[in-house]
Amino acid sequence: MKHLNNGDTWDFCRLMIMVFYLLPPSGNIPYQKLEDYALKRLRFLLRLMCCRNPEEVEGTLQDASVVHQSDCLISGSSKDVVSHHMLRLALCDDADTRTFLCSSELALFRLRLAEMSSEEWEDFFKNTENNLKQLMKTASPSSDSFLADLDFLIGILNQEFCSWHFISKEILSHSQYHLCLPFHLALGLVARREVSLSKGLALVPLSQISVVLGELFQRSMEQAVHQAWLQRHVTRCDPRIRRLTAVVKRAYKIETRAFHHLPSYLPRLELSNLWSQAEFFPPCMSTLLSTLKERHRLAHHDRIQLTLFLKDMGLSLHESLLLWKQEYSKPPAPPLDPNKRSWHGNERRYIYSIRHLYGLEGGRVNYHGHSCSSIQGRSLSYLECGGCPFSLKDESQRTQLVVQDLGQQKRFGMACASYMKTRLKKRQSSIDFARELETALHCGKGESILTRKSMRSPGIHSLESEALDKPDAFCRLQQPETVPSSTYSPVIISNEAFESVRPHLVISDSAGCNIDTGCSITQQYKKNGKHHLRDVSKIRSKLESMESPCHSEQGTLTRDEDNTGKMADDVRKSSHVTDIESLDIDIRKPSDYYRCYVTLLNGMKAVQ
Amino acid sequence: MPETHNYDPNTLPDLLPLYYKRLFPYGPYYKWMNYGGVPKHYFTNREFSFTLKDDVYIRYQSFSDQQDFEKELQKKCPYKIDIGAVYSHRPKDHKTVKSSAFIAQEKELVFDIDMTDYDDVRFCCSGADICSKCWPLMVIAVKIIDRALRDDFGFEHLLWVYSGRRGIHCWVCDEGARSLSTQGRSAVAEYLQVVKGGENLVRKAVLPEKIHPSIRHSLQIIDKHFLEYAIKKQDLLSYDFVGKLGRDTASRWAILQKRLEEGRNMNLVKGYTEEEVKLQFCYPRLDINVSKGINHLLKSPFCIHPKSGKVCVPMDPKNIDDFDPMEVPTISGLIEELDTSTVPETDTEGRRLKDYKRTSLKPYIEIFESFLKGLESSRKGKMIEQSDVKMEF
């Protein structure tokens, strides 16, 4: 065992008996400890689920702060069993928490299985066998209950081999032995075609038995959580359990809040700014959007992927319906059949489907945008263009995106971040150039370049009409901090002068271009079209008071303070961006890309 | 000889009532859906959905018995019938049940193969059209999937159906298949899936170092059809496509094979290029999402395809080479046949013959009936087994 001698790391050798959590805990325990163990376990599981590859898992386990809290994670210990069961009670309500609990406990189970010695395997089998004998006496499992299957598996192992000792040794060596199991016990192996099948039986090598055990554990978790839910009224009669449930749920919400919602200070997506903001969407989403723009149709799952992403970005139901109506009312580009899948005639179906995604129909589930890992896992068919472009195995596609493949499945997020950095760098150089030009123009001609919506006269070239031609370009303007919000100078620049500057200026769309632009931080944090100087100073003072990275002390801040803190954190990170390459950008879902990109961009603009 | 060319979609509203009155095989259909009355509420808790005229769609239809089903169909004359899952309660009463208690419990494992998913590798038609040049793809699909489901998974009761225009469906009706979980369905579908990747991916079939036995079997099946399909029917390596190399597709393919062989001998070519090409062009392309969901609704056999007028008929996988989608009867053809049929109305024993047996629907009904016989004998066998165990006679 590699961790045997290192007192600072989580000692796997201290594992007692590996468990399936078949039997509930019993005994007496002070409430405070109960809550304590439950929260420790929750926090560990949350951290575990944040890891995207084996190295990160290693890192988590080696983290001293994790180790010191890990006594309730020693497999088979009473603290382990107690904390596990408490989490079942507390997190069985929403689909979100249920899924989290099942997948994180499964991850923990697999982790433990991977590290067991043969003695531990032996103990595990013996313990499971005994627990099962006890359970099978009282319960009458329905035919698809995992208990029947677990019992079957133990039975087969007993039948085919002479002792647990022998089996345990074989599991850890590259055993030649195989088990003939009904295929539904090895679904993962079947799906990946890693076992051969014959008449419904899968030939599973003994060394892969942990996969089978993992699947059984997953089913046991799903069943257990369902049971806990069915009995919640009974268990929650006890006010202490009610309290525990509330505490655990709150802790869960706080930790995961940031994942689901875009900071409220970023501009809400609307139809009017959608196409211009699309420039800042991650490649997976911009592909979908541009396909939609070109063809006016998207394949079913691509449409779901995009709709949920836009919802995450703040697009309201109304605007979403308008968008799809607009696009699907246009004839699709060939080779698509113009008589199929048009808005007209299918209106009710499309409206229902979009409303369903917004949680207003059917099961009323508040769907979130898909995370990177689920997008990467998508199995695409003909004419679908969703999925993660970095996870495509095609060599030619990857190089086109100017990003090195960083190796493994889970590093696609890093590839995406790398892509963002490339774009940022390109932008930075063009912004620098534009800035120089503007300064030159400003100093040289004594003119400032601002736009005004109503400014339209011949001979005067307005940036705005330029923007009407290219609605997805961006605007870079002079310092209106010195300019009161209600007045501004008109555009006075001759066509020739403009032509020379135009390729290097980044021009914005007129609808998104509000009067008070300039200091980009203030543009970002503007509310209701008005320039709130107060906010700017709030941010400034927060920045000044900050000396170290802002640890979101969530739960104690008010929403407003929380947002200002986030704003300030983003500003601080971005305003000192000179070396883009060194930035550590963590992309877990597509909206992360957008958030980082936009804040960094503004930070770059803010750099003097 | 059925008149398959003169179907006019506008006549559908007039023809459907006749079809549902005289031709829809209620008896056999009910026998199927009822599964011998075991468990008791299987038929009454089954969801059907109807698509009526003007695209009106109604879900959660359920019926108490064959008579009830017959009456409703004749009354509503749906343009399309979909079969859904067996629920915990009667679907038509679902609003009276708490939503968390109303759950889909069982359904056949289904597969849907649509010709449009092959549009990037077929060049004779596109979209909803099919012809004799691209139909071999469906033949290959039936053979490969039928073999895998029977030999690898041990399923026995498969109902293959032609959807009436451009696709085929497979209904796996074994008890084990009907009670399979979502994960189980997913796993079976993924086991069968080889061609993956969307529009932006060129190489869609990637084989690992060791070829799985089911893929090997599939390649053997494809090989039986490949040359005929790729050369004579699709002309995959036509001049426009490839240029001045070789004389025709056949010779170009031979050249390609030779070059690949040479490349392999020189260790320049790794992997299974030829096999991957065959798979990408011919291996069945399933829509995984149809197979995954227990509550997914799929078009029922024996309904009429509104655009082609063809009946959604069963196919015999053992004789799939002989199946011709162009010969499938249309509703207009069948109605005409009824009027002009020379087949006597009673059989040799004086029993009245059902109308569907007096038309060109007969062979297809017979395929369905032999499928039903299989189901029934399997049920009987199981009951005998169970009573042996209980020592009841």
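E122(A) and K126(A) are four residues apart in helix α6 (residues 118-138) of chain A, and are therefore separated by about one helical turn; helices are DSSP runs of H or I with at least four residues, strands are E runs of at least two, and both are numbered from the N terminus. The two residues form a salt bridge whose closest N and O atoms are 3.3 Å apart, a salt bridge being a side-chain nitrogen of Lys or Arg within 4 Å of a carboxyl oxygen of Asp or Glu. E122(A) counts as buried at 14% relative accessibility, whereas K126(A) is partly exposed at 38%; buried means under 20% relative accessible area, exposed over 50%, and partly exposed in between (1.4 Å probe, protein chains only).

This is a predicted model, in which local features need pLDDT of at least 70 and side-chain atom pairs count only at pLDDT 80 or more, while totals for chains, interfaces and linings use all residues. Residues are numbered from 1 along each chain as its sequence is written, chains are lettered from A and ligands numbered from 1 in the order in which they are written, and side-chain values use heavy atoms, with hydrogens and water left out.

**Salt bridges**

- Over all chains, the structure holds 38 salt bridges.
- E361(A) and R355(A) form a salt bridge with their closest N and O atoms 2.8 Å apart; E361(A) is buried, with a relative accessible area of 18%, and R355(A) is partly exposed at 27%.
- In chain B, the side chains of K80(B) and D82(B) meet in a salt bridge at 3.5 Å, N to O. K80(B) counts as partly exposed at 29% relative accessibility, while D82(B) counts as buried at 5%.
- R41(A), D80(A), E105(A) and R112(A) are joined into one network by salt bridges that share partners.

**Interface of chain B and chain A**

- In chain B, 36 residues are in contact with 32 residues of chain A, where contact means heavy atoms within 4.5 Å.
- About 2,800 Å² is buried between the two chains, and carbon and sulfur atoms give 52% of this area. Buried area is the accessible area (1.4 Å probe) that two parts lose on being put together, summed over both.
- The rule finds two salt bridges across this interface.
- D151(B) forms a salt bridge with K199(A), with the closest N and O atoms 3.8 Å apart.

**Strands of chain B**

- Strand β1 (residues 46-51) of chain B is mostly covered, as six of its six residues are buried.
- From β1(B), R46(B), F48(B) and F50(B) point one way, and E47(B), S49(B) and T51(B) point the other way.
- β1(B) runs antiparallel to strand β3 (residues 80-87) of chain B and is joined to β3(B) by five bridges; two strands pair if DSSP finds at least two bridges between them. S49(B) stands opposite D82(B) in β3(B).
- β1(B) also pairs in the antiparallel sense with strand β2 (residues 57-61) of chain B, over three bridges. The bridge partner of F48(B) in β2(B) is Q61(B).
- The hairpin of β1(B) and β2(B) has five residues between the strands, and D54(B) in this hairpin takes a positive phi near 60°.

**Open sheet of chain A**

- Three strands form an open sheet in the order β1-β3-β2 (chain A), with antiparallel pairing.
- β1 (178-182) and β2 (197-198) of chain A stand at the edges with a single partner strand each, so one side of each is left without a neighbour in the sheet.
- Five bridges pair β1(A) with strand β3 (residues 201-205) of chain A in the antiparallel sense, and P182(A) stands opposite L201(A) in β3(A).

**Aromatic rings**

- The structure holds 55 aromatic pairs over all chains. Rings of Phe, Tyr and Trp (its six-membered ring) pair if their centres lie within 6.5 Å; planes under 30 degrees apart count as stacked, over 60 as edge-to-face and the rest as tilted.
- The rings of F109(A) and F217(A) are stacked, because their centres are 4.2 Å apart and their planes are at 10°.
- F109(A) lies in helix α5 (residues 95-114) of chain A and F217(A) in helix α10 (residues 209-230) of chain A, so the pair ties together parts that are 108 residues apart in sequence.
- F109(A) counts as buried at 2% relative accessibility, and F217(A) is buried at 1%.
- The rings of Y30(B) and F43(B) have centres 4.7 Å apart and planes at 70°, so this pair is edge-to-face.
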